[in-house]
Amino acid sequence: MARPRKPLLSTDRIVKTARALVDAEGLQAVSTRRLAAELGVSGPSLYNHFRTKDEILEAVADSVSAQVDLTMFEDGRDWRTALHDWAVSYRSALRDHPNIVPVLARGPGRRPAGLRLADAVYGGMVDAGWSPAQATSIGALMRYFVMGSALSSFAGGFVDDASAYDPADYPHLGQAHLLAEQQEKVDERAFEVGLAALLAGLEGQYGEPDPRP
């Protein structure tokens, strides 16, 4: 009988395997040796697709950016609805892959999906009537907000031990020990409150001339 063929090594297969490692164990888990072992190939074969570990992590980051929905900037939604829906999709992608957020936080660099994301937001705002400078600021603002919400959990930062919050020292934190068990609910509500406030603030500026020359 013919010997079974090994699955062909491809860029997509390397990225998927690396992403699974990052999701499960963090950025430090990715190395060419570990990836080669997971893929069942020799280490040097990876270099036919990626020159360095950093290139692999950049590709993983871009694969996460590619999961963000951008159709809201193409289907006629008004700018406020489009920004809201995009921010929710963006945060969802980051929430599913939190360990890659530090790489994404460096900016899009030359990553194609990251650049398409930036182009869609900027273009959507300019098409809606914002000046180029205002559209740039909005894109940066939204990125700071969404990225910051994905970097850590507010609720998860409190221990679930009531004795840690002595009312003599912290008279207003009597329920803080309950936050950890409600982490997802608390963080989701905080994101929606912040996003609504941010969009309301932008709406108040909509149509105002850019004060800069």
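This is a predicted model: local features need pLDDT of at least 70, side-chain atom pairs count only at pLDDT 80 or more; totals for chains, interfaces and linings use all residues.
Q: What makes H4 roughly antiparallel to H8?
A: The packing angle of H4 and H8 is about 150°, with 11 Å between their axes. Angles over 145 degrees count as roughly antiparallel, and that makes H4 roughly antiparallel to H8. H4 passes H8 in a right-handed crossing.

Q: Why is H1 described as roughly perpendicular to H2?
A: Helix H1 (residues 11-25) and helix H2 (residues 32-39) have axes 10 Å apart and pack at an angle of about 110°. The range for roughly perpendicular is 65 to 115 degrees, so H1 is roughly perpendicular to H2. Here, too, the handedness is assigned: H1 passes H2 in a right-handed crossing.

Q: Which helices supply at least two residues each of the lining of the largest pocket?
A: They are helix H4 (79-96), helix H6 (112-127) and helix H7 (132-151). H7 gives the largest share, six residues. The pocket has a volume of about 310 Å³. Of its 18 lining residues, Pro 108, Gly 114, Leu 117, Ala 118 and Arg 143 are the closest to its centre.

Q: How is the lining of the largest pocket divided by class?
A: It has eleven nonpolar, five polar and two charged residues. Among the residues closest to the centre are Pro 108, Leu 117 and Ala 118, and the classes Pro, Leu and Ala count as nonpolar. Gly 114 and Arg 143 are also in that central group; Gly counts as polar and Arg as charged.

Q: What makes up the lining of the second largest pocket, by class?
A: The lining divides into three nonpolar, four polar and five charged residues. The lining residues include Leu 94, Pro 98 and Ala 150, of types that count as nonpolar.

Q: Which helix gives the largest share of the lining of the second largest pocket?
A: That share, four residues, comes from H8. H4, H7 and helix H8 (183-205) each supply at least two residues of this lining. The volume of the pocket is about 200 Å³.

Q: How is it known where the "HTH tetR-type" domain lies?
A: The position comes from UniProt, where an unreviewed entry places the feature at residues 8-68. Such annotations may be inferred rather than shown by experiment. In the model, residues 8-68 are 59% helix and 0% strand, and the end C-alpha atoms lie 28 Å apart.

Q: Which residues does the UniProt annotation "DNA-binding region" cover?
A: According to the unreviewed entry, the annotation covers residues 31-50. This span is 40% helix and 0% strand, with its end C-alpha atoms 12 Å apart.

How values were computed:
Residues are numbered from 1 along each chain as its sequence is written. Side-chain values use heavy atoms; hydrogens and water are left out. On a 1 Å grid over the protein atoms alone, a cavity is a set of points where a 1.4 Å probe fits but cannot get out, and a pocket is an open set with protein on both sides within 12 Å along at least five of seven lines; lining residues have an atom within 4 Å of a point. Grid points are joined across faces, edges and corners, and a volume is the space filled by probe spheres set on the points. Axes are lines fitted to C-alpha atoms, for helices over the stretch in contact, and angles run from 0 to 180 degrees between N-to-C directions. Angles under 35 degrees count as roughly parallel, over 145 as roughly antiparallel, 65 to 115 as roughly perpendicular and the rest as oblique. A crossing is left-handed if the near helix is turned anticlockwise from the far one by less than a right angle, and right-handed if clockwise.
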